[in-house]
Amino acid sequence: MTVRTGLRKAALMVHIAVSVGWLGAVAASLALAGFAVAAEDPRSVSAAYVVLEPLGWLLLVPLSIASLFTGVAQSLITVWGLVRHYWVLIKLLLNVLAVAVLLLYMQTLGALADTALAMTAGGSQIVPGFSPVIHTVGAMALLFVALALSVYKPRGLTPAGYRNRRAVPGSRVAR
């Protein structure tokens, strides 16, 4: 199903905006996580961990889910289709994986923030870990793969895409 050009471009603009916002929020998370690892002052380490949790709930989670929904909507209103081309299907799977990992990792960020607050209140030091850095680097890599797929749109139809093309009289099957 395709829709009018104006609506399609508006939907594309929203999808790009939330996806770029997601990438920016991940970059901010990476900066905070890197700061926590490099900081010498235990209060700074604790502060970085305390900020990572609301950053996740207020930006990362909503933007990742918005990217998923706007991407699905975009594929349904354009000629690309949801499962017609491998690059669209791979982007969908990457997005679902990223959202799932993020939602699971938010529990870890909550525990890190709680520990940082408890240790700061008790006068203890929190030992910075590399887990937030590793997860944000992984998220950045995943988002850049999705970005590359969007820009380069590698050729290749899924079996469903081939069936769809053959069902339309006079259409050529792309290789």
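A residue is called buried under 20% relative accessible area, exposed over 50%, and partly exposed in between. By that scale W80 is partly exposed, because its relative accessibility is 32%. The model described here is a predicted one.

W80 also takes part in an aromatic pair. A pair of aromatic rings is described by the distance of the centres and the angle of the planes. The count of such pairs comes to one. Its members are W80 and W87, with ring centres 5.2 Å apart. Their planes stand at 75 degrees, so the pair is edge-to-face. The cut-off for that label is an angle over 60 degrees. W87 has a relative accessible area of 8% and is therefore buried.

Helix α2, residues 42-76, supplies the largest share, with three residues. The relative accessible area of L58 is 64%, so L58 is exposed.

H15 gives a contrasting view of the model. This histidine lies in helix α1, which spans residues 5-38. H15 is buried, because its relative accessible area is 12%. Two polar contacts of its side chain are described here. The side chain of H15 meets the side chain of T70 in a polar contact of 2.7 Å. The side chain of H15 also reaches a backbone atom, the nitrogen of G71, at 3.2 Å. With residues up to four places away in sequence not counted, H15 touches S67, T70, G71 and K91.

T158 was examined next. This threonine sits in a loop, between helix α4 (131-152) and helix α5 (159-167). Its relative accessibility is 4%, so T158 counts as buried. What does T158 contact, leaving aside its neighbours within four places in sequence? The contacts are V83, R84, H85, Y86 and L89.

Taken together, the residues fall at several points on the scale of accessibility. L58 is exposed at 64%. H15 is buried at 12%, W87 is buried at 8%, and T158 is buried at 4%.

Key: Residues numbered from 1 in each chain as written. Predicted model: local features only at pLDDT ≥ 70, side-chain atom pairs only at ≥ 80, totals over all residues. Heavy atoms only, no water. Helix = DSSP H or I, 4+ residues; strand = E, 2+ residues; numbered from the N terminus. Buried < 20%, exposed > 50% of the residue type's maximum accessible area, 1.4 Å probe, protein only. Phe/Tyr/Trp six-rings, centres within 6.5 Å; stacked < 30°, edge-to-face > 60°. Contact = heavy atoms within 4.5 Å. Polar contact = N/O pair within 3.5 Å; in protein donor to acceptor, adjacent residues only side chain to side chain.
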